[in-house]
Amino acid sequence: MNLQNDFINTFHQKPDAFYFSPGRINLIGEHIDYNGGLVLPAAISLGTYGVIRMRDDQLIRVFSTNFNDLGIIEISLHDLAYKENDNYANYIKGVFDLFIKKHHKINRGMDIYIHGTLPPQSGLSSSASLLVLMVYILSDVYHLDLSKTDIALYAKDVENHYMHMHCGIMDQLIIAKGINHKALLMHTSTLETTPIHAFIDGYTWVIMNSHYERKTTESKYNERVKECQDALNIIKKEKNISELCELSISDYNDIKHHLNEVLRKRVKHVVTEQNRVLKSIEVLKNQEAIPMGELLNASHSSLKNDYEVTGFHLDMLVEGALLAGAIGARVTGAGFGGCAIALVKNNLLDQFDQIVDQYYYQKTNLHASFYPVEFVDGVKKIEVA
Ligand code: GLA
């Protein structure tokens, strides 16, 4: 990878600056970041590089190595409406559009070269990585000095209102604020974050990609968000709460008869998952591998049976990981397809990928990929020699 040369070959000019925005995994606390919950994600070394040069006109020209076939996409600062054909460039348009709506004086276009190392559709947040990257770039080149939290909130705004994906704040906030070697315990209603040492001596976190994509992920995700809102509206008539994660398990037992069967299962997941995050913090602090594995497994079962966001492929991947000796495994991110994570004893690592892949292939006819995990800093400007 030579980003400088690649930029010059594409735009025939030297670039002004280079940036990197990571992807993320979530260790535990799934589908509760839009319910005011505590979650435990980490930024990872796979991510999105951005190389830019300011222009003197109002054109944005963007090229992505992940969409070579689309060539250079040209956008005018005067026409930032969403267009299906603009594909991934809509994320970039959405960011420019938001800055203009927020009355930042954005008056020059830009040549932008994007190189993503996150496998697309893998549930490792390639879209949040691109959005946070672009917000950071605009904040940097226009000297706006946005805080990391504001950067995350801007990126979420584009995802929610321009792309119409009703996601929570977890992905954007971890990608903006990640810390080298740490996971962050994130309070999604106050946006407070605390660095957590999330490694257990003698064990490794492994990311496993199912390579299974489901086209309906977005609509199914939005359906879950809506179910949680419906449940909250019903529960609010009984209890004085503003978000579902304020319920304790005994509160849930008191009110569950007000909910139909589907909503009951959704709320049960939310309440028990919140509890598992709190237990995980203790267990990680005490370096207790087996209880951590049990929490991961319980999280996956809850996402499978109560929240219903896993599906056959992810279930088989997790099953394969457990058969290969993982101490625990679970889907990470929105689910429906994409990646799972496993906590694996170091002496099993040599054969782990092969055993899981064999099992997964037997069951699904698809091969899995595996990535070693490094936790890294959030979005930043980088030097390129
Ligand atoms: C996606 C969303 C996040 C979060 C996870 C599930 O990654 O973007 O906000 O809800 O799913 O935990």
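Author: Domain bounds here come from an automatic or database domain assignment. For this chain, that assignment gives domain 1 (3–198 + 376–382) and domain 2 (203–372). This is a predicted model, where local features need pLDDT of at least 70, side-chain atom pairs count only at pLDDT 80 or more, and totals for chains, interfaces and linings use all residues. Residues are numbered from 1 along each chain as its sequence is written, and side-chain values use heavy atoms, without hydrogens and water.

Reader: How many residues of domain 1 are in contact with domain 2?

Author: With contact meaning heavy atoms within 4.5 Å, 35 residues of domain 1 touch 39 residues of domain 2. Their C-alpha centres lie 26 Å apart.

Reader: Which residues surround the ligand?

Author: Near means a heavy atom within 4 Å. Around the ligand are Arg24, Glu30, His31, Asp33, Tyr34, Cys167, Gly168, Met170, Asp171, Tyr221, Gly333 and Ala334. Each of domain 1 (3–198 + 376–382) and domain 2 (203–372) supplies at least three residues of this shell.

Reader: Where are the oxygen atoms of the ligand relative to Arg24, His31 and Asp33?

Author: Look for polar contacts (N or O pairs within 3.5 Å). A ligand oxygen lies 2.9 Å from a side-chain N or O atom of Arg24. For His31, a backbone N or O atom is 2.7 Å from a ligand oxygen, while a polar side-chain atom of Asp33 is 2.6 Å from one. Of the 310 Å² of accessible area (Shrake-Rupley, 1.4 Å probe) that the ligand has on its own, the protein covers 95%.

Conventions: A polar contact is a pair of N or O atoms within 3.5 Å; within protein, one must be able to donate a hydrogen and the other to accept it, and residues adjacent in sequence count only if both atoms are side-chain atoms.
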